[in-house]
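Biologist: I am new to reading protein models. Could you walk me through one, feature by feature?

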Amino acid sequence: MLYHLAADAVLILHLAFILSVVLGGALVLRWPRLALIHLPTAVWGATVEFLHLTCPLTPLENHFRHLAGLQGYSDGFIENYLLPVIYPSGLTPSIQIVLGSVVVAVNLALYLVLLHRLTRRR
């Protein structure tokens, strides 16, 4: 039971991390100092997509699932949980490039707004 809870906690952490990568720039508009945390996470998120890497949270969740006697999954978090909802046909390298590009585009736009605000104040 404890391992099952740990796997679910990692799953929730993974989702929160992905949401912070994609949408964290919006929080930076309100609290600019969060950029110190958000920029590295956004770079990591885009890098994982562009280079088709496995996020370390995926094997950690699988580890806990195996310890709990549950079946893990061979794909990454996005492929296993999000893509079946968004892209039922499955993940391809092209889709990963698009996902990484969305991360970069959304955050670039938000940081340009922040930069504009900061330079306008001076």
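Biologist: Where is the place of His52?

Modeller: Helices and strands here are DSSP runs numbered from the N terminus (helices are H or I with at least four residues, strands are E with at least two). His52 sits in the loop between α2 and α3. Its phi is positive, about 55°, although His52 is not a glycine.

Biologist: What is the general idea about phi and residues other than glycine?

Modeller: Most residues other than glycine have a negative phi. For accessibility, buried means under 20% relative accessible area, exposed means over 50%, and partly exposed is in between, with a 1.4 Å probe and protein chains only. His52 has a relative accessible area of 38%, so His52 is partly exposed.

Biologist: Before we go on, what kind of model is this?

Modeller: It is a predicted model, where local features need pLDDT of at least 70, side-chain atom pairs count only at pLDDT 80 or more, and totals for chains, interfaces and linings use all residues. Residues are numbered from 1 along each chain as its sequence is written, and side-chain values use heavy atoms, with hydrogens and water left out.

Biologist: What does the protein chain average in pLDDT?

Modeller: The idea first: pLDDT is the predictor's confidence in each residue, from 0 to 100. Here the protein chain averages 84, and 88% of the residues score at least 70. Among the elements, helix α2 (residues 35-50) has the highest mean pLDDT, 91, while helix α4 (residues 77-86) has the lowest, 63.

Biologist: How many salt bridges does a search of the whole structure find?

Modeller: A salt bridge is a side-chain nitrogen of Lys or Arg within 4 Å of a carboxyl oxygen of Asp or Glu. The search finds two. One joins the side chains of Asp8 and Arg65, at 3.2 Å from N to O. This pair links distant parts of the chain, 57 residues apart: Asp8 is in helix α1 (residues 2-30) and Arg65 in helix α3 (residues 57-67).

Biologist: And which residue forms a salt bridge with Arg65 at 2.8 Å?

Modeller: That is Glu61, with 2.8 Å between the closest N and O atoms. Arg65 and Glu61 both lie in helix α3, four residues apart, or about one turn of the helix. Together, Asp8, Glu61 and Arg65 are linked in a network of salt bridges.

Biologist: Is Asp8 buried, exposed or partly exposed, and which of these is Arg65?

Modeller: Asp8 counts as partly exposed because its relative accessibility is 26%. Arg65 has a relative accessible area of 8%, so Arg65 is buried. Glu61 is buried too, like Arg65.

Biologist: What does Asn62 touch?

Modeller: Contact means heavy atoms within 4.5 Å. Not counting residues up to four places away in sequence, Asn62 touches Gly72 and Tyr73. Asn62 lies in helix α3, and its 10% relative accessibility is why Asn62 counts as buried.

Biologist: How do the axes of α1 and α5 cross?

Modeller: Axes are lines fitted to C-alpha atoms, for helices over the stretch in contact, and angles between N-to-C directions run from 0 to 180 degrees. The axes of α1 and helix α5 (residues 93-121) come within 8 Å and cross at roughly 5°. Therefore α1 is roughly parallel to α5; angles under 35 degrees count as roughly parallel, over 145 as roughly antiparallel, 65 to 115 as roughly perpendicular, and the rest as oblique. Residues making the contact include Val21 and Leu29 of α1, and Val103 and Arg117 of α5.
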